[in-house]
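Please read them alongside the sequence and the coordinates.

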Amino acid sequence: MTQTIFEISQEGRRAFVPPATDVPERPLDELIPARLLRSEPARLPEVAEPEIVRHYNRLSKRNFDLDTGFYPLGSCTMKHNPKLHERVAALPGNARLHPAQNPRRAQGALELMWRLQGALAEIAGLPHVSLQPSAGSHGELAGVLLTRAYHEDRGETRHKVLTPDTAHGTNPATVTMAGYELVKLASNADGGIDLDDLRAKADEDVACLMLTNPNTLGLFDPDIEEIARIVHGVGATLYYDGANLNAIVGVCRPGDMGFDIVHFNLHKTFTQPHGGGGPGAGPIAVSERIEPYLPRPQVVRRTPDNGGEPTFDLEYDRPKSIGRLRGFQGNYGVFVRSYAYIRSLGAEGLKEMSEIAVLNANYLLARLRERGVAEYLPVAYDRLCMHEFVLSGAPMKRDLKVKTLDLAKRLLDHGVHPPTVYFPLLVDEALLIEPTETETKETLDAFADTIAEILREAREDPTIAQTAPHTTPVRRLDEAAAAKRPVIRQPL
Ligand SMILES: *Cc1c(COP(=O)(O)O)cnc(C)c1O
């Protein structure tokens, strides 16, 4: 077991000893009011610098990350985060900017945010953007609150929000949190929305339909125009869960499909490093009719009447706004990285990014088939996929007694992070694979070989997969207990 930093601690050890001060010392309570001073020293570990470096370096190697190996985590888009973005985010003007800085002295930052809003508006095909929400789920909540504000402003009270059964778990959670009743829509045989079910459930009490297209099966719904007609026909809004936009940037736009509100996950599609809980950003883009309700304040550009230099500001005067969603303006460092990404690729580069994401997913699916894995891991919906696809491990479980979870754990022994498992819920023993555009053909081939090898091994001896992983710092963990009763601090 690795010791904790507190166990390494030895009284009196220091990482750094500053030279003696030549400034006359004054008692602390002359400088800081006594009521703000600690009565005893903070309980901090006392460790020498080399021990600190070794400790955290050791810890970092006990985890799996994108810079270590392939990470085909469907829906969550674990793609390469260009290192240039870190350099830009670390520039003192970005990294050292205080969030309470007067807007007049943060013109560069406000301009960057204003330009990012414009780029996201263009990508979404919707004219107005707020960068405030801090995550995808936060953007969803903003979007549903905007929907409510829109209806209430028209004197309507609606109670229901529709989501398909392929929806990401945050969608139903958002609906409930925003105080709406959740109504589930069935999927059709092609994995899209069942239009008859939608027609039956869409009525004047429906506030919104929340949709992901391509959905979490990696499938594009060709009925999207008809869906938009039905939803708008009953006066409801159409919400696009754009957490994972990897298949469509520069190819098609939610606004053109008829959506009113979109959220983006900058930490998925737009290369903010993520995992481990953040930071992220979940900006929203909206149509003209939703604009009055956007969160406050908005980043705006003002052009003086005399034609002078434009200035950037925070606009608070928004009487119909749903209000503020968080302190300050969002996770600014995320904005810098995503802006750098968008600007360095440009419109053509972004389109190519999406095309290669789709090509890689289809290539990997074809390669897996060629390696003969379909007998145990058939594709759930046999259509051209977008940026991700879903396999079902049901035959593998039945014939080899190896569950999807066992396969996922065995992949760790091969240096591969498992794909998303048991989601979407409507596929039995689901395995949701998103290779992303930044992986090479060699990596995709090696992954297909690894899956084939694990299946071959399981035919001879299923216990190896059933008891995997074997080579990781910890073996199989109690994941439910880890989520429900996490021990996140050193017991005193
Ligand atoms: C990741 C994801 C979300 C939630 O985003 P968070 O930033 O984790 O809150 C919502 N919808 C889809 C489709 C996602 O993939």
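1. A word on terms comes first: contact here means heavy atoms within 4.5 Å, axes are lines fitted to C-alpha atoms, for helices over the stretch in contact, and angles run from 0 to 180 degrees between N-to-C directions. Helices (H or I, at least four residues) and strands (E, at least two) are DSSP runs, numbered from the N terminus, and two strands pair if DSSP finds at least two bridges between them.

2. Please keep in mind that this is a predicted model, in which local features need pLDDT of at least 70 and side-chain atom pairs count only at pLDDT 80 or more, while totals for chains, interfaces and linings use all residues. Residues are numbered from 1 along each chain as its sequence is written, and side-chain values use heavy atoms, with hydrogens and water left out.

3. An open sheet of seven strands runs in the order β1-β7-β6-β5-β4-β2-β3, with mixed pairing. Because β1 (128-130) and β3 (181-185) stand at the edges with a single partner strand each, one side of each is left without a neighbour in the sheet. From one strand to the next, the twist averages 25°.

4. Helix α6 (residues 107-124) lies across β1, β6 (261-264) and β7, and runs at about 120° to β6. Helix α8 (residues 170-177) also packs on the sheet, where it touches β2 (160-164), β3, β4 (206-211) and β5 (237-242), and its direction makes about 150° with that of β3.

5. Which residues are around the ligand? Taking a residue as near when one of its heavy atoms lies within 4 Å, they are S75, A135, G136, S137, E140, H168, T170, D241, A243, N265, H267 and K268. The largest share of this shell, three residues, comes from helix α7 (residues 136-153). By class the shell has two nonpolar, seven polar and three charged residues, where Ala, Val, Leu, Ile, Met, Phe, Trp, Tyr, Cys and Pro count as nonpolar, Asp, Glu, Lys and Arg as charged, and the others, Gly among them, as polar.

6. In the side chain of D241, an N or O atom is 2.6 Å from a nitrogen atom of the ligand. A polar side-chain atom of S137 lies 2.7 Å from a ligand oxygen atom, and an N or O atom in the side chain of K268 is 2.7 Å from an oxygen atom of the ligand. Taken alone the ligand exposes 380 Å², of which the protein buries 88%, with accessible areas coming from the Shrake-Rupley method with a 1.4 Å probe.

7. Another open sheet has three strands in the order β10-β12-β11, and its pairing is antiparallel. Since β10 (389-392) and β11 (420-421) stand at the edges, each with a single partner strand, one side of each is left without a neighbour in the sheet. Two bridges link β11 to β12 (residues 430-433), and T420 has L432 in β12 as its bridge partner. Helix α12 (residues 332-370) packs on this sheet and touches β10 and β12, its direction making about 25° with that of β10.

8. The peptide bond from R296 to P297 is cis, with omega near -10°, and P297 lies in the loop between β7 (284-286) and β8 (298-302). F423 and P424 are likewise joined by a cis peptide bond, with omega about -5°, and P424 is in the loop between β11 and β12. K401 is not a glycine, although it has a positive phi of about 60°, and K401 lies in the loop between α13 (394-400) and α14 (404-413).

Definitions and conventions. A polar contact is a pair of N or O atoms within 3.5 Å; within protein, one must be able to donate a hydrogen and the other to accept it, and residues adjacent in sequence count only if both atoms are side-chain atoms.
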